[in-house]
Amino acid sequence: RIRRANRRELDQRRARAEVRQRLLAPAPPRSGRRLLVVAAAALVLLTAGGLWLHSRAPRATFEVAGRPGALGQWVRTGHEKLAMAFSDASAVTLSPASAARVLAADHRRVRVVLERGSARLHVNPKTHRRWRVEAGPFTVHVTGTRFTLRWQAERRELTLRMHRGHVIVEGPVVENRQLHAGDTLRVFVPEARLSLRRGETSPST
């Protein structure tokens, strides 16, 4: 009995000691807890808002001869021209015996590849999308402008005629060259040679 009583007394002492420790332990400040709650709520709102804005961002849809276009699909012309119209009021018109395709078209960028032939491009100067046109080993970075691009794949010759605005051309021989309205650039890849005429404004402007 004495041993049992001693055990009970020890258990009671331990229990009282634990209660004292809990009572004496400093409680977390309410301001800190509030800050954590506010920060967590803000993070949730920012994440949700970003997802909503991304889903609401306009996409650059396009049509080929009045029908919905598909990314990556080759568009080839026969004996007539063919128009590709984009939702940002930009347009690409393929000349006869030409081939091109759109590899990207979203709210940030548009990427067009000209496989062969000639294309006349009008990029809306008010668009917020970055336009990039590729022809063989060349890349044309476009702002708001009008120009005609021709790529002769079998001869590996590039011709670019500026009608309005300016572009930057990257590729062999030209390296990184800026062209302005009225300029005409011709690049002969096999010969590593180029011809550039400045300021010849096209009558079609």
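**Side-chain interactions in the predicted model**

The side chains of Arg132 and Glu134 form a salt bridge, with an N to O distance of 2.7 Å. With a relative accessible area of 13%, Glu134 is buried, whereas Arg132, at 30% relative accessibility, is partly exposed. In total, nine salt bridges are found in a search of the whole structure. The model is a predicted one, and these values were computed from its atoms.

A further group of salt bridges involves Glu115. This residue is paired with Arg76, where the closest N and O atoms are 4.0 Å apart. The pair links distant parts of the chain, since Glu115 belongs to strand 7 and Arg76 to strand 3 (residues 75-76), 39 residues apart. Glu115 also meets Arg116 in a salt bridge, at 3.4 Å from N to O. Through such bridges Arg76, Glu115 and Arg116 are linked in a network. Glu115 has a relative accessibility of 28% and therefore counts as partly exposed. Arg116 is likewise partly exposed, at 33%, and Arg76 is partly exposed at 47%. In general, side chains of opposite charge can pair when their charged atoms come close.

Phe62 is in strand 1 (residues 62-64) and Phe86 in strand 4 (residues 82-86), so the pair ties together parts of the chain 24 residues apart in sequence. Both partners are buried: Phe62 has a relative accessibility of 8%, and Phe86 one of 6%. Phe86 also forms an edge-to-face pair with Trp131, with 4.9 Å between the centres and 70° between the planes. This second pair links strand 4, which holds Phe86, to strand 8 (residues 130-135), which holds Trp131, across 45 residues. Trp131 is buried as well, at 2% relative accessibility.

When neighbours within four places in sequence are left aside, Met84 is in contact with Phe62, Glu63, Val64, Val75, Ser90, Ala91, Val92, Leu94 and Val102. In soluble globular proteins, nonpolar side chains tend to be buried together.

The chain has a mean pLDDT of 82, and 69% of its residues reach 70 or more. Over residues 48-57 pLDDT stays under 50, and the model has three contacts beyond four places in sequence for this segment. Where pLDDT is low, the predicted coordinates should not be read in detail.

Key. Residues are numbered from 1 along each chain as its sequence is written. This is a predicted model: local features need pLDDT of at least 70, side-chain atom pairs count only at pLDDT 80 or more; totals for chains, interfaces and linings use all residues. Side-chain values use heavy atoms; hydrogens and water are left out. Contact means heavy atoms within 4.5 Å. pLDDT is the predictor's confidence in each residue, from 0 to 100. Helices (H or I, at least four residues) and strands (E, at least two) are DSSP runs, numbered from the N terminus. Buried means under 20% relative accessible area, exposed over 50%, partly exposed in between (1.4 Å probe, protein chains only). Rings of Phe, Tyr and Trp (its six-membered ring) pair if their centres lie within 6.5 Å; planes under 30 degrees apart count as stacked, over 60 as edge-to-face and the rest as tilted.
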